[in-house]
Each structure stands twice: as structure tokens, then as C-alpha cells.
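Student: Hello! Could you help me learn how to read a protein model, feature by feature?

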Amino acid sequence: MPLSRSVPLSVLDLAIITNGSTATAALRETLDLATQTERLGYHRFWLAEHHNMPGVASSAPAVLIGQVAAVTSTMRVGSGGVMLPNHPPLVVAEQFGMLEALYPGRIDLGLGRAPGTDPRTAQALRRSASPLSADDFPEQLGELVRYFDEPVPGEPEPPVRAVPAAGNRPPVWLLGSSGYSARLAGMLGLPFAFAHHFSAENTLPALRLYRDNFRPSAELDRPYAMVCASVIAADTDEHARWLAGPGGLSFLRLRGGRPGLFPTAQEAADYPYSALEREFVEARFASQIIGGPETVAAGLEKLLAETMADELMVTSMVPGHAERLRSFELVAKIAA
């Protein structure tokens, strides 16, 4: 059941560490996933930034991006995203200027304004007890972008230079799960990626804000919106629901302040859910696309029709590397 509208298809990966496995194995599986999804025709491969989460190994996207870019050749590789409040803009500019210099034309710099972690860990990252307000993000973003500017002949050179960032600026994306970054991305004329996979209720309002506020820029002459969805595809609806169980249990534990290793499918099936917990998990599943090929095709078709997305990014939180690869393979066939 091919989709009626063809859009680029991309990957968001978190390098999940399943119970009984290790971070080393998870990172090696991420590298293999990148090579396999490139073979399947996926357009870009992004790594998320999370901290203090035992089941997520992608705590340093810039490091992992370099490794993924080294084992691929055509796919774009980037951050989904770098949480800018956690880092000095100078350091981000140096890291991504270096990545762009090493892999010219293949790097994306996706930026978010959330910490991607709990308040105590955010404090450890920033070395400050005072949180940044939303008003600080545009200032940080402006500082970061200026580091990529090349010196203008006849004008004084800046006192601080990000080497080798000048002249090696990758495309900058803003990421969001609400309206703030959507509006800002539109006003700045930047591409926008929305986190439908954990904020589905805000997807359509945010995309509307982005498009309504869009102003053409040197980067874009029209809006470009990518929607990231949680998709778990298997050969049957029943098996896909089985594979989705660990993601539901993992999210339940995270929201309860008990993050841990990513559960196995059997562990999720055996968990004694209370009625309230079951309701929470089912609500989580309602915003995901889970099923066999026909079910997934219908879900993707509906999502593209509602959002009019220019690109679709897929994240598939599935335990077991072979099962995860199979999910991406089925999605690629549907979207071909």
C-alpha cells in the first residue's frame, strides 16, 4: 500500500540500551541501523540528546554524528537535537563546524531549547542553579549562528572565533514540541521539525504557527516542515503491539521518575499494570502508528494528509536489533 504522496523519509535514533544489553552494543547497533537505513533510501539520520537516562546511550550527539557519518556516504546526519541551553554556543559551533568540514554537505544542526533531562542534571550540565528562560534561547541561537560567519574584509575580526566553524555552517533546524520554536523558526525562515512522537496534541497548532509566521530567508524561500512520528511496523498488527509494549512501559517509568534500561517485550507483557497505568500507556499508544503494513500505511497516510509535512521522520523504539531493522524496512517499502 504505497502512500499517495511521496516525501523524504528520515530516521531519529536514541541508541536505546535494552535490559540485558550494554551501551557498547547499543551504539554498535546504531551504526548498523544507519548503514541499513541508508541502503533502504532514508534521507537523513538524526541522533537525540538525552542525559541521566540509563536506557539511552545518545548523550553526546556530536560524537555519535561523526561515527555515523563515517560509516555512511549519502545520507545526511545530524542532531535531533542539540539542546542548546545545555552548551555554550561556542562549543556547539566548534563541534558542528568540524563535522561539516569533515563531511561537507551532509551535516544538519537541529537545535532545541529544552534541557532534555531532569532539573538536577540540567544544573550539572550548565554549572548553574538558575534556569534559562525562553527569552534566552533566541540570544543563544544568534550567538551560535554568528560563529559560523566568515570575516568581512575591512571590518575588525571578532575577538572570539570558532575554528573551524567560519565558512562551515551546516543547515540549522529548530526543533519543537509546542508553539514557541515553531513561531521562531517561521520568523527566522528556518526549517522546522516537530516532535509529534511525544506531543501529538500540539502538532497541528504548531505547524500552523510556523507557516503563518514564515518569512523567506537566505536558507529558505518557503516553509519546510518535518514531522517526527513514532512508528512500529511488523508483519502483523498483533506482533507490532507486542513490540510496542516496552516503549509504553519505558515511558511510564520515565514519567514516574524511575527511568531505567529499555524493557524487553516479555518484561513489558509481564508487568502488572494498574488500571490507571494501563490507561496512561494506551493514551501513549494512541498517538503512535503501530501495526502491520496495511495499518501502518493507513496511519502514515492520515498523518501526512493532516500535517501536509514536507518530510517524515520515523523513530522506532523496539527492543531487539533485528526487529527494529524490520520495522524500518517495512516503513521504507510502504513509503517507496
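Student: Where is the place of P164?

Tutor: Good starting point! Keep in mind that this is a predicted model. P164 has its place in the loop between α5 (136–147) and β6 (172–176).

Student: What kind of peptide bond joins V163 and P164?

Tutor: Here is the general idea: most peptide bonds are trans. The bond joining V163 and P164 is cis, with omega at about 10 degrees. Another cis peptide bond joins G80 and G81, where omega is about 0 degrees. G81 lies in the loop between β3 (76–79) and β4 (82–83).

Student: And how do I read phi? What is the phi of A15?

Tutor: Most residues other than glycine have a negative phi. A15 is not a glycine, yet its phi is positive, near 50 degrees. You will find A15 in the loop between β1 and α1 (23–39).

Student: Let's turn to helices. How do α2 and α3 pack?

Tutor: Two packed helices are described by the angle between their axes and the distance between the axes. For helix α2 (residues 61–71) and helix α3 (residues 89–102), the angle is about 5 degrees and the axes are 10 Å apart. Angles under 35 degrees count as roughly parallel, and α2 and α3 are therefore roughly parallel to each other.

Student: Which residues meet there?

Tutor: From α2 come A62, I65 and G66, and they meet Q95, F96 and L99 of α3. Sorted by type, the residues of this contact are four nonpolar, two polar and no charged.

Student: What about charged side chains? How many salt bridges does the structure hold?

Tutor: There are 13 salt bridges in the structure. In one of them, the side chains of D108 and R44 meet at 2.8 Å, N to O. This pair links distant parts of the chain, with D108 in strand β5 (residues 107–112) and R44 in strand β2 (residues 44–47), 64 residues apart.

Student: Which residues line the largest cavity?

Tutor: Its lining is made of L12, D13, L14, I16, T315, S316, M317, R324 and F328. Both β1 (9–13) and α12 (321–335) supply at least two residues of that lining. By type, the lining divides into five nonpolar, two polar and two charged.

Student: What is the volume of the second largest pocket?

Tutor: The volume of the second largest pocket is about 270 Å³. It is lined by 18 residues, and the closest to its centre are R146, D149, E150, P151 and P158. The lining of the second largest pocket divides into 11 nonpolar, no polar and seven charged residues.

Conventions. Residues numbered from 1 in each chain as written. Predicted model: local features only at pLDDT ≥ 70, side-chain atom pairs only at ≥ 80, totals over all residues. Heavy atoms only, no water. 1 Å grid on protein atoms, 1.4 Å probe; cavity = no way out; pocket = protein on both sides within 12 Å on 5 of 7 lines; lining within 4 Å. Points joined across faces, edges and corners; volume = space filled by probe spheres on them. Nonpolar A, V, L, I, M, F, W, Y, C, P; charged D, E, K, R; others polar. Axes fitted to C-alpha atoms, helices over the stretch in contact; angles between N-to-C directions. Helix = DSSP H or I, 4+ residues; strand = E, 2+ residues; numbered from the N terminus. Parallel < 35°, antiparallel > 145°, perpendicular 65-115°, else oblique. Contact = heavy atoms within 4.5 Å. Salt bridge = Lys/Arg side-chain N within 4 Å of Asp/Glu carboxyl O.
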